[in-house]
Amino acid sequence: MLDTIVIPLLKILVLLNAVLVAVTFMTLLERKVIAWAQSRLGPMRVGPYGVLQAIADPIKLILKEDITPARADRMLFTLAPILSLVPALVVFSVVPFGGDELFYVTDINVGLLFIISVTSIGVYGIILAGWASNSKYPLLASLRASAQLISYEIAVTMTLVSVILTAGTLSMVGIVEAQQESGLWFGFVQPVAFVLVLIGGLAETNRAPFDLPEAEQELTGGFHTEYSGMRFALFFLAEYANMIVITAVVTILFWGGWLRPFPNVEALAFLDLVPGWIWFFGKMFVFLYLFIWIRATLPRYRYDQLMRLGWKVLIPIAIANIVVTGVFKVLL
Amino acid sequence: MTGQAAAAPIFDTDELVINMGPQHPSTHGVLRVVLRLDGERVVDADVVIGYIHRGIEKLCENRDWTQIILLTDRMDYVAAATNNLGYCETVEKLMEIEVPRRARYIRTILAELQRIASHCLWLGTHAMDIGAMTVFLYAFRERELILDLFEEYCGARLTYNSMRIGGLPLDIPTGWDVKVREFCKVMDEKVPEYEELLTNNRIWLERTRDIGVISAEDAIGLGLCGPPLRGSGVYRDVRKDEPYAAYDELEFDVPLGTRGDTYDRYLIRLEEFRQSIRLIRQALDGLPEGPVMGKVPRLIKPKAGETYHAIESPKGELGYFIVSDGRATNPYRMRVRPPSFCNLQGLRPLVVGHLVADVVALIGTIDIVLGEVDR
Amino acid sequence: MAEAIAFYTLAVLILGLGVAVVTTPKTVHSVLFLVLNFLCVAILYVVLRAEFLAVIQVLVYAGGIVVLYLFVVMLVNLKRAPEAHEDPRRLARLGLGLSGAVLLELAGIVVYSYGRAAPSSAPAAPVEGIVGNTEELGWLLYTDYLIPFEVASVLLLVAMVGAIVLARRES
Amino acid sequence: MADAPKSGEPAAESSSAQPPDARPPAGTDGDAAAKPVEPAAEAPAGKGGASGDTAAAKPKPAAAAKPRPKPKPKAPPEAPKGPVDPPPPEDLERPAFLTALEAALPGRIHGLAYWVGDWTVIVTPDALLDVAAFLKDSDDGSFDYCSDLTATDWPPRGKRFDVLYCLYSTRLRQRVRIKVQAGDGESVPSVTGLWPAANWLEREVWDMFGVDFTGHPDLRRILMPDGWQGHPQRKDYPLEGPGELLLESPMEWLRLRNARDEAEIE
Amino acid sequence: MEITSAHYTVLSAALFSIGVIGVLVRRNVIIIFMAIELMLNAVNINLVAHARYLENLIGQVFVVFVIAVAAAEAAVGLGILLAFFRNKETVNIDEMNIMRW
C-alpha cells in the first residue's frame with residue numbers, strides 16, 4: 001500500500017509543485033535573460049532584483065477578471081487551457097531526474113513513446129482554444145498550430161527512432177543507462193538527431209522562431225487572443241512546462257541525463273561528488289537558456305517556410321538518419 | 001459568416017475576411033487593413049485610413065504663420081524636426097527670405113539627427129514585426145540618445161517646434177556639437193550591431209528577400225517616395241535633386257536598391273544611417289559662425305501667391321503647398337503632401353499574393369506614421 | 001480489486017463518452033468526447049498490460065486521427081445544422097431497432113459463453129514476460145506478420161495519396 | 001456614399017450657380033461672371049496690378065475695373081476672390097516643355113503663371129487629360145511622377161475650386177503644376193490612368209472638397225467616415241458644428257439632426 | 001471481484017452497439033465516421049483483452065493493423081468528405097445520394 005499508492009502520490013505531489021514553481025520562475029528567467037540580451041534590466045521592482053515578480057505575476061493573473069467572449073463556445077473555451085496544461089504536466093511522470101528511484105515517479109518500458117504521445121495531446125488545447133474563441137485571428141492561429149504541431153511531431157518522432165535504435169530501449173532510465181554503458185553521451189553519437197530534436201522541440205513548444213500560432217505581431221496573440229486572467233496563465237504554464245519537458249528529454253536522450261561528463265573515464269571520478277540531479281538540472285538549464293537566447297535573437301519564420309523546413313528538410317534528414325543508424329547498428 | 005449569398009464561395013476557408021486593425025500590434029497606429037484571405041494568402045486588401053484625422057490642414061487655415069510650426073510637429077510625430085523644416089522652408093520660399101548659413105547648417109544637423117531617430121524607430125518596429133525583438137530595443141536605445149540631444153537643444157523630446165520662419169529660435173547650446181559628435185561615434189558602432197543581427201540572418205533574408213517586389217516604373221507611377229522608391233532603383237532624393245538647407249554644400253551618397261524588395265529597402269535605410277552620420281559630421285565641421293535668424297518682418301504676411309516646396313523627410317518626399325492671399329496673417333490654404341500617405345497607397349499592390357505574415361513585414365517596410373497619413 | 005475498480009470506472013467512462021459522441025449536437029464537442037473516449041480506452045489497455053498499444057492508441061488515434069477530424073470540422077464550417085434535412089425514405093427507427101438487435105445478439109453471445117469462456121488460465125497472473133512487451137510485439141510484427149505489416153504500409157501509402165488527390169483543389 | 005451638401009452650404013453658392021455656358025470659347029471661364037462678386041473695395045489683392053493676365057486674354061482687370069452691381073455676398077468681406085496667378089515675367093525664359101506644350105496644344109492652355117520659381121499651367125477640365133498626357137509623355141516634359149494632387153477653394157468665384165496637380169519628372173528633375181478650375185458640381189477627369197498615384201489623392205480631394213472625378217476607379221471617402229456629410233475643407237464648412245453642440249446640449253443637437261434628416265427626406 | 005474476459009467482451013459489445021447506433025441514426029457524416037472509429041475501438045478492446053487472457057500476442061498485433069486501417073480510413077474518408085463538401089456544401093448523409101457530379 002505504502003509502496004504502490006502513498007509514495008507515488010507523494011512523489012507526484014512534490015513533482016507537480018516543483019514543476020509549477022519552476023514554470024513560474026521560468027517566466028522570470030526568460031524576462032531576465034531577454035532583458036540582459038537587450039541591454040536592459042528586466043523586472044527590478046518586486047523583490048530584490050525582481051525575483052518576486054514570478055509570484056506577483058500569477059497573483060495578478062488570478063485576481064484579474066476572467067472574460068469569456070459572448071459568442072464563444074463556453075465549454076470548450078474553459079476546457080482548452082486545461083487540455084493544454086494537463087498533458088504537459090502528465091509527461092513529467094516518466095521523466096527521470098536522477099538514476100535513483102527517488103527521482104522519478106515511474107519508469108515504464110515505453111517511456112519515450114509515452115512522452116511523445118502525451119505531448120501530442122497538448123495540441124488539442126491550442127486548436128480548441130482557437131475554435132472556441134469564435135474569433136478570426138485565433139481560428140487562423142489554431143489552423144496554423146494544428147498543422148505545425150503535427151508536422152513537427154512527425155519529424156521529432158522520426159528522429160527519436162534513431163536514438164531508440166542506438167539505445168535499444170524506450171525506457172527513459174534505460175536510455176541513460178545505455179549511455180553509461182557505452183561511455184559516450186548520445187549527443188556525440190547522434191549529433192544530427194540532436195540538432196533535429198532541438199529544432200523540432202522549438203517548433204513543438206511554439207517557441208521563437210517558430211512561434212507562429214501566437215505571433216502577436218501577425219495574429220495579435222494567436223490562439224490566446226481572447227483569453228484573460230488565469231486561463232491565459234494556464235496557457236503560459238503549459239508553454240513553459242512543455243519547454244522544460246523538451247529540455248529534459250534532450251538532456252536525457254543526448255546529454256546523458258544525470259551522468260557526469262565522460263561517465264567511464266576514471267580520472268574524472270571526482271566529478272561524481274556532484275550529485276546526479278545537479279548535473280541534470282545544470283544541463284537542462286543550459287538548454288533552457290539556449291531556448292531563451294534563440295528567442296531574443298532570431299526573427300520569426302513564415303508559415304510556408306516553417307512547413308517547408310519541417311517537411312522538406314527535417315523529415316528527410318530524420319529518415320536518412322534512421323537509415324544510417326540502422327546500417328551502423330547492423331554492421332557494428 | 002452569416003448571410004452569405006449563393007454567389008459567395010461555398011467553402012468557408014476559401015475566403016476569410018479579416019480586419020487587421022485599427023487596433024492591431026503591427027499596423028503602427030490606427031491603420032486598418034481589410035484582408036480577404038484564401039487560406040493564409042491575401043487575395044485582396046483594402047486599406048482604410050482616417051482614424052486619427054485631425055484636420056491639420058484645416059486647422060492651419062485658422063492659425064497664424066508661426067503657430068503652424070507647432071501643428072506640423074503633430075503630423076509625423078517621430079520626425080517633427082523635418083516637418084518643421086519643410087514648413088519653414090516653404091514659407092521662406094514664399095516670402096523669399098534669406099536664411100543665414102549657420103541656421104541652414106544647424107537645420108541640416110537637426111534634420112539628419114531626426115532621420116536617424118526616425119529610421120531607428122522604423123528599424124525597431126520593422127524587425128519586431130518580423131519577430132526579431134532585440135533589434136527593437138537596440139534601436140530604441142540609440143533613438144533615446146537623439147531625443148536627449150533634441151531635449152538639450154529645444155527642450156522637447158518629441159514635438160520639438162524647433163524651427164522658425166527665417167531661421168532657428170535659438171543657437172545650439174555650448175558643447176552640444178561635441179555631444180553630437182559623440183553620438184555619431186556611438187552610432188558608428190551600433191549600426192554594425194544591427195547589421196550583425198539581421199543582414200545575414202537566414203530567417204531575416206527569407207522573410208524579406210523577394211517580398212513585396214515593386215518595379216521602378218510601378219514605384220514611380222504609384223508615387224512612392226523615399227526609401228521605397230530608391231529601393232526600386234530610382235535615383236530620387238530631394239536633398240540631391242532640389243537641394244535645400246545646406247545639402248548642396250555637403251557630400252553624401254544616395255543608396256539605391258536593385259531588386260525593389262523588402263530587403264533592399266532595409267539595406268537602403270541602414271545605409272542612410274551612415275550617410276546621415278556623414279552629413280552630420282560634415283555639417284559640424286563646416287558649421288559657420290553668424291546669426292541663426294534671418295531678416296524676417298515682425299508680422300509674417302507673405303504676398304499673395306502659392307508655392308509647392310518639398311524636402312526629403314525620413315519617410316520620403318514631404319511637400320508643402322501653401323497659398324497665401326496676401327491679406328490675412330494665416331495661410332489661405334495649406335496642403336501637406338505626406339510621404340507616408342503616398343507610400344501607403346502602394347501597400348495594396350504590394351501585399352496582394354503574399355501571406356498574412358508578409359503583410360506586417362510590408363506595412364513595416366513602407367514605414368508609415370499614421371499621424372502623417374491622416375493628418 | 002484494483003483492476004475491478006479500474007475496469008468499472010473506465011467502462012462507465014468509455015460507454016458514457018461513446019454515447020456522448022453519437023448524441024451531442026455540436027460536432028466539435030463530439031470530437032472532444034471522442035478524444036476523451038480514446039484516452040480512456042488507452043488507459044484500459046494499460047490495465048490490460050498492453051502499454052505499447054496504449055501509447056500507440058494515444059499517439060495515432062488521439063494525436064493524429066482525431067486532430068484530422070477536428071481539422072475537418074473546422075474547415076467544414078457549417079452554416080446550417082446537418083440534421084436539418086431528413087430523407088423521407090430514411091428508416092431511422094429501423095436503424096435504432098437494428099442496433100438494438102445487434103446489442104441483443106452480442107449480449108446473447110456473452111451470456112451464452114459466460115460459463116464456458118476460457119479465462120481459466122488464471123487472469124490474476126498474466127504472463128509478464130509476454131503481454132505488453134514491446135520487444136516481443138515488434139519481433140512478431142517483423143517476422144511472422146511481416147507481409148501483413150508491409151501490406152498495411154502500402155495501404156497507408158495508398159490512403160495518403162488518395163487523401164491528397166481527393167482533398168486537393170483543382171487549380 | 002452620402003454626399004448631401006450641408007444645409008448650411010455657402011451663401012455664395014447663389015452666385016456660383018452661374019451657368020458655364022457664359023464662357024467664351026476663347027478659353028475664359030466662369031471667372032468673368034463670378035468676379036464681380038468681389039466688392040471693388042477689396043481690390044488690393046496682393047499683387048495688385050500684377051494680377052493681370054497672360055496674352056491668352058484673361059479678363060481679370062476688366063472685371064475688377066467695372067464691378068457689376070450684384071448683391072453683396074455673405075462671404076466674409078476679406079474673402080479673396082481667387083488666386084493671384086501672376087503671369088511669368090516677359091524676360092523669363094520658358095522651360096522647353098512649356099514651349100512644346102504651347103506648340104502642341106494651342107488654345108487648350110488657359111494660362112500660365114509663375115511665382116517664386118514655380119510654373120503653373122492653367123487649363124480647363126476638358127483640356128486636362130490632353131495637357132497632362134502631353135506633359136507626361138513628351139520628351140521635354142516626361143513628368144512621370146505625380147507628387148501631389150490637391151485643391152483650393154475660392155467660394156466667391158464661379159468656378160470655386162482650383163484642382164492642382166504637382167508633377168515632377170524623375171528623369172529631367174523638373175517640376176510643373178497644372179491648375180484646373182472647376183465649379184461646384186462640375187466634374188474633373190481623373191488622372192488615375194496616367195498616374196496611379198492620383199488614386200488616393202483624388203479620393204482625398206473628393207472627400208475634402210467634393211470635387212467629382214470622372215473615371216476614378218474607386219471614389220470613396222478616405223479620411224472622413226463613410227457616412228459623413230459635407231466636405232470639411234470647403235471654406236464655407238462650419239468651423240463649429242454639431243460636434244461642439246453635441247457635447248454641450250445633446251438634445252438640441254438631436255433636434256437639429258432630426259430636422260435636417262426630415263428635410264432631406266422631403 | 002474478478003474481472004474476466006467476459007467483462008471486456010460486454011464492454012466491447014456495448015461500445016460496438018453505440019457505434020452502430022451512431023452510424024445508423026446520425027446524419028452528420030463526420031459523426032458517422034467517429035461512430036465507426038468507436039466500433040473499431042470496441043473491436044480493439046476485445047482483441048487486447050483476449051490477447052491478455054489467452055496469453056497470446058497475436059491479438060495485439062492485430063490491433064496494430066486495425067489502427068493502421070483506421071488511420072487510412074479516416075484520411076480517405078475525410079478527403080472524400082472535404083471534396084464532397086466543397087461541391088455540395090453539406091455533410092448530411094441523406095443528401096449524399098449521387099455517385100458523381
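Helices (H or I, at least four residues) and strands (E, at least two) are DSSP runs, numbered from the N terminus. Residues are numbered from 1 along each chain as its sequence is written, with chains lettered from A and ligands numbered from 1 in the order in which they are written. This is a predicted model, where local features need pLDDT of at least 70 and side-chain atom pairs count only at pLDDT 80 or more, while totals for chains, interfaces and linings use all residues.

**Exercise 1. Describe the make-up of chain C.**

Step 1. Count the elements. Chain C holds six helices and zero strands. Along the sequence the pattern reads α-α-α-α-α-α.

Step 2. Divide the chain. The domain assignment gives domain 1 (1-78) and domain 2 (133-171) of chain C. Such bounds come from an automatic or database domain assignment. The C-alpha centres of these two domains of chain C lie 22 Å apart.

Step 3. Check burial. A residue is buried if 20 or more other C-beta atoms lie within 10 Å of its own, exposed if 12 or fewer, and partly exposed in between, with C-beta atoms placed from the backbone. Of the 171 residues in chain C, 36% are buried.

Step 4. Check contacts. Two residues are in contact if their C-beta atoms, placed from the backbone, lie within 7 Å. Among contacts in chain C with a separation of 6 or more, 53% join residues 24 or more positions apart.

**Exercise 2. Work out the strand order and pairing of the sheet in chain D.**

Step 1. Set the rule. Two strands pair if DSSP finds at least two bridges between them.

Step 2. Write the order. Five strands of chain D form an open sheet, β1-β2-β5-β4-β3, with mixed pairing. The edges are β1 (109-115) and β3 (145-153) of chain D; each has a single partner strand, so one side of each is left without a neighbour in the sheet. Direction ignored, neighbouring strands of this sheet are turned by 20 degrees against each other on average.

Step 3. Take the antiparallel pair. β1(D) and β2(D) are joined by six bridges in the antiparallel sense. Here D:Trp115 stands opposite D:Asp118 in β2(D). The two strands, β1(D) and β2(D), form a hairpin with two residues between them. In the turn, D:Val116 has a positive phi of about 35 degrees.

Step 4. Take the parallel pair. Strand β2 (residues 118-123) and strand β5 (residues 175-182) of chain D share four bridges in the parallel sense. D:Val121 has D:Ile178 in β5(D) as its bridge partner. D:Val123 stands opposite D:Val180 in β5(D).

**Exercise 3. Which residues bring α3(C) and α2(E) together?**

Step 1. Get the angle. Helix α3 (residues 51-75) of chain C packs against helix α2 (residues 29-53) of chain E at about 175 degrees, with their axes 12 Å apart. That makes α3(C) roughly antiparallel to α2(E). Angles under 35 degrees count as roughly parallel, over 145 as roughly antiparallel, 65 to 115 as roughly perpendicular and the rest as oblique.

Step 2. Name the residues. From α3(C), C:Leu53, C:Tyr69, C:Val72 and C:Val73 meet E:Ile30, E:Met34 and E:Val48 in α2(E).

Step 3. Sort them. Ala, Val, Leu, Ile, Met, Phe, Trp, Tyr, Cys and Pro count as nonpolar, Asp, Glu, Lys and Arg as charged, and the others, Gly among them, as polar. The contact of α3(C) with α2(E) has seven nonpolar, no polar and no charged residues.

**Exercise 4. Characterise the side of chain E that touches chain C.**

Step 1. Count. The contact takes 64 residues from chain E and 74 residues from chain C.

Step 2. Assign elements. On the side of chain E, α1 (5-25), α2 and α3 (58-88) of chain E give two or more residues. α3(E) gives the most, with 21 residues.

Step 3. Sort. This side of chain E divides into 45 nonpolar, 12 polar and seven charged residues.

Terms used. Axes fitted to C-alpha atoms, helices over the stretch in contact; angles between N-to-C directions.
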